[in-house]
Structures are given as C-alpha cells and as structure tokens.
Amino acid sequence: MSDSNFKWDGVILRCIDARTSDAVQVALQELNLHHCDVISVAGSVKNIVEESLYLLSQVEISHRLHSPAVIVLFAHEDCGAYGGSQTYGKDPVREQKAHEQELLHAAKVIHSRFPDMKIVKVYLCLSGEVHFID
Ligand SMILES: [Zn+2]
C-alpha cells in the first residue's frame, strides 16, 4: 500500500461558492465527519446530472484511494452555475425543490456506481441553514 492509500471518513462534493463554506462545516460536524476528501466544482452535482464523467472520475479516485464510507452531496441557494435564485423566480421553496431533484438524481447515479457508500444529500441556504434531504 502506498502512502496515498488510507481511509478517510468521507468524501464531499460541493460547489466552489465560498458563501457556503461555513454551512458545509456545520453539516460535516453534525454528520461527525472530520476527515474528508473534497471535490469542489461550480454547481456541485450539476456535472453528474448532465452525465459528464469528470466528477464521477474524482469520486472513483477518492473511493479507490481512501475508502470513504460516506459521500455528502451539497447543493445550495443562489448557485451561479444554475443561474442563481432568479432561475426559480426568486421563490425559495421552488428553488430548494429543484435542487433536491438534482441531488436525488445525482445520488441515484452515484449509488449505481458506488453501492457501498452511504449517500447524504444536503441543501444549504445562504443564511447558513442546513437542510438534510431524505
Ligand atoms: Zn454554486
């Protein structure tokens, strides 16, 4: 085993948007996840929903090298990769529901590829609210 092979608590998939960084940390503390690989791309799961393989390749590397038991998928309010809140007519309920659908879609894709990983879906509001999605 090389030095790059060790076990992390989890892997997280988040947007580049630094406005969500504090809420990401709150969610990880609630989940008791301390050491995680971090995959950060604009729009987070959008890339998976659009059937690009880039993010899945990053998850695959984390999975192979660090055996994370959990993957946490983050989406957030006013995500610029989706055109921001105005895409949803600035209706926060509609916006959250749309992002929940994206998270569900991405979770199905990830589960089909990595059935051993527990998947946690989280929607973050810019107020700092953290919503765990069933
Ligand atoms: Zn974003």
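# A tour around strand β4

Read along the sequence, the chain follows the pattern β-α-β-α-α-β-α-β-β, which comes to 4 helices and 5 strands. Helices (H or I, at least four residues) and strands (E, at least two) are DSSP runs, numbered from the N terminus. You are looking at a predicted model, in which local features need pLDDT of at least 70 and side-chain atom pairs count only at pLDDT 80 or more, while totals for chains, interfaces and linings use all residues. Residues are numbered from 1 along each chain as its sequence is written.

**Stop 1: the whole chain.** Start zoomed out. Along its principal axes the C-alpha trace spans about 50 × 30 × 25 Å. The radius of gyration is 14 Å, which agrees with the value near 14 Å for a compact globule of 134 residues; this radius is taken over C-alpha atoms, and the globule rule is 2.2 Å times the number of residues to the power 0.38. Of the 134 residues, 33% are buried. A residue counts as buried if 20 or more other C-beta atoms lie within 10 Å of its own, exposed if 12 or fewer, and partly exposed in between, with C-beta atoms placed from the backbone.

**Stop 2: the sheet.** Now select the strands. They form an open sheet of 5 strands in the order β2-β1-β3-β4-β5, with mixed pairing. Its edge strands are β2 (36-40) and β5, each pairing on one side only. Neighbouring strands are turned by 25 degrees against each other on average, direction ignored. Angles here run from 0 to 180 degrees between N-to-C directions, and axes are lines fitted to C-alpha atoms, for helices over the stretch in contact. Two strands pair if DSSP finds at least two bridges between them.

Stop 3: Select residues 118-124. This is β4, where 5 of the 7 residues are buried, so the strand is largely enclosed by the rest of the structure.

Stop 4: Next, show α4 (residues 92-113), which makes a right-handed β-α-β unit with β3 and β4. Right-handed means that, with the strands pointing away from the viewer, the path from the first strand over the helix to the second runs clockwise. Helix α4 lies across β3, β4 and β5, running at about 160 degrees to β4.

Stop 5: Move on to β5 (residues 130-133), which pairs with β4 in the antiparallel sense over 4 bridges. Which residue of β5 is the bridge partner of Leu124? Val130 is. Tyr123 has His131 as its bridge partner, and Lys121 stands opposite Ile133. Between the two strands of this hairpin are 5 residues, and Gly128 in the turn has a positive phi of about 105 degrees.

**Stop 6: Asp22.** Finish in helix α1 (residues 21-30), where Asp22 lies. Is Asp22 buried or exposed? Asp22 is exposed, because 12 other C-beta atoms lie within 10 Å.

How values were computed. Two residues are in contact if their C-beta atoms, placed from the backbone, lie within 7 Å.
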